[in-house]
Amino acid sequence: KSLADTGHQGTLSTLLDCFNGFVRQRGGTVLFAGLRVRLRADTYRTPDLPLLLDRNDPRSGDRYWTGADLVLEVVGQDKPERDLVDKRFDYA
């Protein structure tokens, strides 16, 4: 997916606004694309929106998180199977 894709960015912006309002009131954190999440040793993904319900969760870190309570991916038009199959398998 291209980060310059305005449809993708618009969807992410809307989702970020929705989740921020809910999660931050409860002491959590949701971030925008760019933060890696370690799924297992030597396997990382950069979800569109990673979310932790507790901002002090020990899985959070500056360079990457070692897990998340929820990750969201906006399905890209260029290779939807990557988001629907590959990433889904990795996150599971």
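The buried residues of helix H1 pack against strands S1 and S4. Here buried means under 20% relative accessible area, with exposed over 50% and partly exposed in between, for a 1.4 Å probe and protein chains only. In H1, the buried residues are His8, Leu12, Leu16, Asn20 and Val23. An α-helix has 3.6 residues a turn, so residues three or four places apart point the same way. The model is predicted: local features need pLDDT of at least 70 and side-chain atom pairs pLDDT 80 or more, while totals for chains, interfaces and linings use all residues. Residues are numbered from 1 along each chain as its sequence is written, and side-chain values use heavy atoms, leaving out hydrogens and water.

Helices (H or I, at least four residues) and strands (E, at least two) are DSSP runs, numbered from the N terminus. H1 covers residues 6–25. At 1.5 Å a residue its 20 residues should span 28 Å, and the end C-alpha atoms are 29 Å apart, which agrees; the expected span is 1.5 Å times one less than the number of residues. H1 bends by about 30 degrees at phenylalanine 19, the bend being the angle between axes fitted to the seven residues ending there and the seven starting there. After H1 comes glycine 27, with a positive phi near 90 degrees.

Threonine 29 lies in strand S1. Threonine 29 is buried, with a relative accessible area of 16%. Apart from neighbours within four places in sequence, threonine 29 is in contact with Val23, Pro50, Leu51, Leu52, Arg55 and Trp65, contact meaning heavy atoms within 4.5 Å.

S1 belongs to an open, antiparallel sheet of three strands in the order S1-S4-S6. Strands S1 (29–30) and S6 (70–72) stand at the edges with a single partner strand each, so one side of each has no neighbour in the sheet. Two strands pair if DSSP finds at least two bridges between them. S4 (residues 49–52) and S6 pair over three bridges in the antiparallel sense, and leucine 49 stands opposite leucine 72 in S6.

Another open sheet of three strands has the order S3-S2-S5 and mixed pairing. Its edges are S3 (43–45) and S5 (64–65), each with a single partner strand, so one side of each lacks a neighbour in the sheet. S2 (residues 36–40) pairs with S3 in the antiparallel sense over three bridges; arginine 38 has tyrosine 44 in S3 as its bridge partner.
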